[in-house]
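Subject: Structure for your review

Dear colleague,

Please find below the structure that I am handing over to you.

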Amino acid sequence: MPSLTTPLCRSLGIEIPIIGAPISASPEFVAAVSNSGGLGVLQATWLGIKELRQTIAEIQNQTARPFGTNFVLSLTAEQHHTLIDVALEEGVPVVSTVWGDPAPVVERIHGAGAVALHTVGSAAEARRVVDLGVDAVVAQGVEAAGHVWGEIGTMVLTPAVVDAVPNAHVIAAGGIADGRGLAAVLALGAGAAWVGTRLLLARECNIHPAYRDRIESARETDTILSSVFDGGWPDAPHRCLTNNTLRAWVAAGRPQPGNRPNEGTIVAHDSSGNPIPLYDVQEPLAGMKGDVASMALYAGQGVGLTNTQAPVATILETMVTEASSIFARMAHL
């Protein structure tokens, strides 16, 4: 694989400037990203203490390379501060936070010898959290999949954040789905790309086959930013593929919670048989049963570039090779 090592890569102990967005709690997926030279990140927000310890151990059994854990700070903050302590106790070297104030946890992260990442949506926010001691900021553009913190596009936000925090590392997120996007954000000054939607089609990603099929066939115009799937995470804008749930909500005039079509209906069950109501935050995972196509199908605007399934290693190698080729061509202009 061609070398695209950046100062951020050296700081994190990784080989390529790609960080897998926390789109999965699957140990196999997280380890696959790290084993491919990037940084796998575990979505740990909804795990209990015992489950978190077990999942971290499973990742460590599958990779000797660095990986991270991600926490949504605004959701029962004290519980997640405890979970962060658990991750640090288990030797996780990178802790990523979002949707809240990282001030209460930065010193604890550094005290354990780990690196602190925090997602921002503006240059001003980047300056504030770097002043708190955050080592690297994830500049999340509005094109991103899942829960979207900011309102600015990646191409504008990334250089603004780079200029605002010259002594910190910047990771660009939102709409980066191939080597062209990777080359673009590196050219803008980012030290790595935060990649989510493209990796939904990784063989190791544990999403439901129906969800995978929708991702594979979707176009860049097939997503919508809303706050509809709010069960378990209220008042948090998120980008999903359009589906029957979103179409019915739009046709009804975008009503507020409590007045939405078929609200409270159970649409699916998870692999343990637990019911999943309509408008829940949960995305469809392998093993779920029911009308999973009506659930939250998180996807970014890069979904139109996400149309082939492959192992994680192949996806990342293709992105790095393409980006390296672009830089080589540019050198001759």
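The notes below go from the whole chain to its sheets, its cores and a few single residues.

This is a predicted model, in which local features need pLDDT of at least 70 and side-chain atom pairs count only at pLDDT 80 or more, while totals for chains, interfaces and linings use all residues. Residues are numbered from 1 along each chain as its sequence is written, and side-chain values use heavy atoms, with hydrogens and water left out.

Overall form

The protein chain contains 11 helices and 14 strands; helices (H or I, at least four residues) and strands (E, at least two) are DSSP runs, numbered from the N terminus. Along the principal axes, its C-alpha atoms fill a box of roughly 55 × 45 × 40 Å. The radius of gyration of the protein chain is 19 Å, which agrees with the value near 20 Å that a compact globule of 333 residues would have. That radius is taken over C-alpha atoms, and the globule rule is 2.2 Å times the number of residues to the power 0.38.

Of the 333 residues, 55% count as buried. Here buried means under 20% relative accessible area, exposed means over 50%, and partly exposed lies in between (1.4 Å probe, protein chains only). The protein chain exposes about 13,400 Å², of which carbon and sulfur atoms supply 51%; these areas come from the Shrake-Rupley method with a 1.4 Å probe, and for residues only the protein chains shown count as cover. Among contacts (heavy atoms within 4.5 Å) with a separation of 6 or more, 61% are between residues 24 or more positions apart.

The sheet of 8 strands

An open sheet of 8 strands runs in the order β1-β9-β8-β6-β5-β4-β3-β2, with parallel pairing; two strands pair if DSSP finds at least two bridges between them. At its edges stand β1 (18-20) and β2 (40-43), each with a single partner strand, so one side of each is left without a neighbour in the sheet. From one strand to the next, the twist averages 25°. For such angles, axes are lines fitted to C-alpha atoms, for helices over the stretch in contact, and the angles run from 0 to 180 degrees between N-to-C directions.

Strand β8 (residues 169-173) is largely enclosed by the rest of the structure, because 4 of its 5 residues are buried. Strand β6 (residues 136-140) is joined to β8 by 5 bridges, and the two run parallel. Strand β9 (residues 192-195) also runs parallel to β8, with 3 bridges between them. Ala173 in β8 stands opposite Gln140, and Ala173 also stands opposite Trp194 in β9.

The sheet of 3 strands

An open sheet of 3 strands has antiparallel pairing and the order β7-β11-β10. Its edge strands, β7 (146-147) and β10 (223-226), each pair on one side only. Helix α10 (residues 244-251) packs on this sheet, touching β10 and β11, and its direction makes about 60° with that of β10. Between β7 and the antiparallel strand β11 (residues 238-241) there are 2 bridges, and His147 has His238 in β11 as its bridge partner.

Nonpolar cores

A nonpolar core is a set of buried Ala, Val, Leu, Ile, Met, Phe, Trp, Tyr and Cys residues joined through side-chain atoms within 4.5 Å. The largest core has 98 residues, and those with the most contacts inside it are Phe29, Leu52, Ile171, Leu182 and Leu199. Helix α11 (residues 312-331) gives the largest share of this core, 7 residues. A second, separate core has 12 residues, including Val106, Leu157, Val161 and Val165. Leaving aside residues up to four places away in sequence, Leu199 touches several residues, among them Phe29, Cys205 and Leu316.

Individual residues in loops

Most residues other than glycine have a negative phi. Asp235, which is not a glycine, has a positive phi of about 55°. Asp235 lies in the loop between β10 and β11 and is exposed, with a relative accessible area of 71%. Asn262 likewise has a positive phi, near 60°. Asn262 is found in the loop between α10 and β12 (266-269), and counts as exposed at 56% relative accessibility.

Ala293 lies in the loop between β14 (289-290) and α11. Ala293 is partly exposed, with a relative accessible area of 38%.

Yours sincerely
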